[in-house]
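Dear colleague,

I am passing this structure on to you, with the notes I made while going through it. Please read them beside the coordinates.

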Amino acid sequence: MPDPLTIASGISAAGALVSAWQLRRRAMLAEAEIEHLQAELAAERHAASHDPLTGLPNRRAFFRLAATLLTDSAGQPLIAIVLDLDDFKQVNDRYGHAAGDQVLISVAQRLAAFAGDNLVARLGGDEFAGLLATPTVDRRWIEHASRRLCESLAAPIPLSGLSLRVTASVGLAPVTCSTQLTEALDRADAAMYRAKSVGASRSARQLVDSARLAEC
């Protein structure tokens, strides 16, 4: 006949194993829930700071990140860029909004590729901005960079068997400290609108703001 103490001891051990398994399962479920909540929080933060169509930082994030970059730049020359697609409404009207969205995505990808590790953002609609670190603020270097950017943006965009070309007007202005950010963007924006007035006959339109750097 089995020893009652042995049976009781076995039952107690089995109960302890079950309890330990249940505790471990609860801990794993709690850990999974925490990871899920953290992922949701990260997704919400990303959605709040990024454009849902292009994945680029949005306007609010651009100004926040730009201010941080300017604070940490240690006097390194930076160039503010503002660009706007020419006659973008015609793309939506003629080919539909899905095609317009694809154009914006392509422009965002090309701008990001051009900028590399630098900050670029979609400010809204077909307007984009960037803050690029440069080895110099020499006018010829800036003009060369703007030309390369415009040529990249003007390359054909494949759309369901079509090959669509869009042009962009680009304005640039130098900035070296946080107090100049808004001023530099305003100058770049003004230069961009002057570029728009050049006319649609040019395949790429860009102007460089020639204002001297202000003292920080």
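Which residue takes a positive phi just after H4? It is glycine 116, with a phi of about 65 degrees. Helices (H or I, at least four residues) and strands (E, at least two) are DSSP runs, numbered from the N terminus.

Before the rest, some conventions. Residues are numbered from 1 along each chain as its sequence is written, and side-chain values use heavy atoms, with hydrogens and water left out. The model is predicted, so local features need pLDDT of at least 70 and side-chain atom pairs count only at pLDDT 80 or more, whereas totals for chains, interfaces and linings use all residues.

On confidence, the protein chain has a mean pLDDT (the predictor's confidence in each residue, from 0 to 100) of 79, and 74% of its residues reach 70 or more. The highest mean, 96, belongs to strand E2 (residues 119-124), and the lowest, 49, to strand E7 (residues 205-208). Over residues 208-216 pLDDT stays under 50, and for that stretch the model has 24 contacts (heavy atoms within 4.5 Å) beyond four places in sequence.

As to the overall layout, the protein chain holds six helices and seven strands, which follow the pattern α-α-β-α-α-β-β-α-β-β-β-α-β along the sequence. Of its 216 residues, 38% are buried, where buried means under 20% relative accessible area, exposed over 50% and partly exposed in between (1.4 Å probe, protein chains only). Among contacts between residues at least 6 apart in sequence, 68% join residues at least 24 apart.

Leaving aside neighbours within four places in sequence, valine 107 is in contact with Leu83, Leu85, Phe128, Leu153 and Val166.

H4 itself has 19 residues and reaches 27 Å from its first C-alpha to its last, close to the 27 Å expected at 1.5 Å a residue, the expected span being 1.5 Å times one less than the number of residues. Its buried residues include Val103, Val107, Arg110 and Leu111.

Strand E2 is mostly covered, with five of its six residues buried. It pairs with E3 in the antiparallel sense over five bridges (two strands pair if DSSP finds at least two bridges between them), and glycine 124 stands opposite glutamate 127 in E3. The two strands form a hairpin with two residues between them, and glycine 125 in the turn has a positive phi of about 55 degrees.

Two aspartates in loops also deserve a look. Aspartate 51, between helix H1 (4-49) and helix H2 (59-72), counts as buried because its relative accessibility is 11%; beyond its neighbours within four places in sequence, aspartate 51 is in contact with Leu56, Pro57, Asn58 and Arg122. Aspartate 87, in the loop between E1 and H3, is partly exposed, with a relative accessible area of 47%, and has a positive phi of about 55 degrees although it is not a glycine.

With best wishes
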